[in-house]
Amino acid sequence: MRFLLDDEQREFARSLDALLTAADLPTVVGGWAAGNHAPGLDLWRRLADAGVFALAVPEAYGGVGPLPVETAVACGELGRHGVPGPVVESVAAGVLLGVVGGPVAKEWLPRIASGTAVVSLVLEGYGPYALDADVADAVFVVSGDELRLASEAAEPTRSMDPARRLFRPEAGGEVLAAGPRVREAARAAGAWATFATAAQALGCGEALLRATVAYVKQRTQFGVPVGSFQAVKHRLADTLLGLEFARPLLYGAAVELAEESPGAGAAVAAAKVAAGEAGYAAARTALHLHGAVGYTEELDLAWWLRRARPLRDAWGTPSACRARVLEG
């Protein structure tokens, strides 16, 4: 399969790139990590105006989705620019509530699509933590065949990425829906969360590679740029190959999701393994080729370096995704 984005999808990517380039993301991410959410929430609303959070919400509830390819485009750009917040969780919640339907969907989906509500999500089998529960208007928790609205969350758990604030919701909370349909919705939402995280990981890896290529062109040793050294070229080429091999798997999974193929789960898992590992490899390459300066927080690069490992493991660790591929 030869997959190419159409003109409208490419223009969507360019418009998001322009919006995020003008947003001074390092300042936004630093503020988010320090607990100053105002700049991040302002950016969240602008992304909603651009249609990002409507992509997974059905048209019946004010969205335009579900559109997996456009979601991959959007999450890739958000990952490349390092946008903080529960982006993946909002996408997955849109899918979850769209399948569940009923009053909870009517109440929350239009707000998610319009960006007037920030939500987080916990699904059984994907870890106990809700991302950025302190800023979310709602934290949805699926356990067994019950969908609950978490009442509150405990103190945050430290993450490798300071901008990823993890909270464990307290037990209990209002039951919003129950039954087999909740289980079906949770399976669909889990696949979309894994898929969106893969797109973010790929974008993060691209940003790290781009920054590293620019750096090795400027840094000199023995009177020449270190980028001219054969070992450096090989390392960068290997990193690029990993990212480029992950990309068709990601868009192939998007096609599978759009067609609701029986093999969509395995395709998403394969994309997550490839993109997650490629993004993490890009982080290791960036750290090594930047030398000692790569360890410091004086470079904005530090935010992307810290994000690559959590994105590799969030919403499906490499081992769990490989097992899913084998099952599929």
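A word on the ground rules. This is a predicted model, where local features need pLDDT of at least 70 and side-chain atom pairs count only at pLDDT 80 or more, while totals for chains, interfaces and linings use all residues. Residues are numbered from 1 along each chain as its sequence is written, and side-chain values use heavy atoms, with hydrogens and water left out.

Let's start with helix α6, residues 102-114. Helices here are DSSP runs of H or I with at least four residues, strands are runs of E with at least two, and both are numbered from the N terminus. The expected span is 1.5 Å times one less than the number of residues.

Which residues of α6 are buried? They are V104, A105, W108, L109, I112 and A113. Buried means under 20% relative accessible area, exposed means over 50%, and partly exposed is in between, with a 1.4 Å probe and protein chains only. The cover over those residues includes α3, α5, β1, β3 and β6, with contact meaning heavy atoms within 4.5 Å. After α6 comes G115, with a positive phi near 80°.

Now to the charges. A salt bridge is a side-chain nitrogen of Lys or Arg within 4 Å of a carboxyl oxygen of Asp or Glu. By this rule there are 13 salt bridges.

One of them joins D161 and R307, with the closest N and O atoms 2.8 Å apart. This pair links distant parts of the chain, 146 residues apart: D161 is in the loop between β4 and β5, and R307 is in helix α10. Buried or exposed? D161 is buried at 0% relative accessible area, and R307 also counts as buried, at 8%.

Another pair is E277 and R322, at 3.4 Å. It ties helix α9 to helix α11, 45 residues apart. Here E277 is partly exposed at 26%, and R322 is partly exposed at 42%.

To finish, E277, R309, R312, D313 and R322 are linked in a network of salt bridges.
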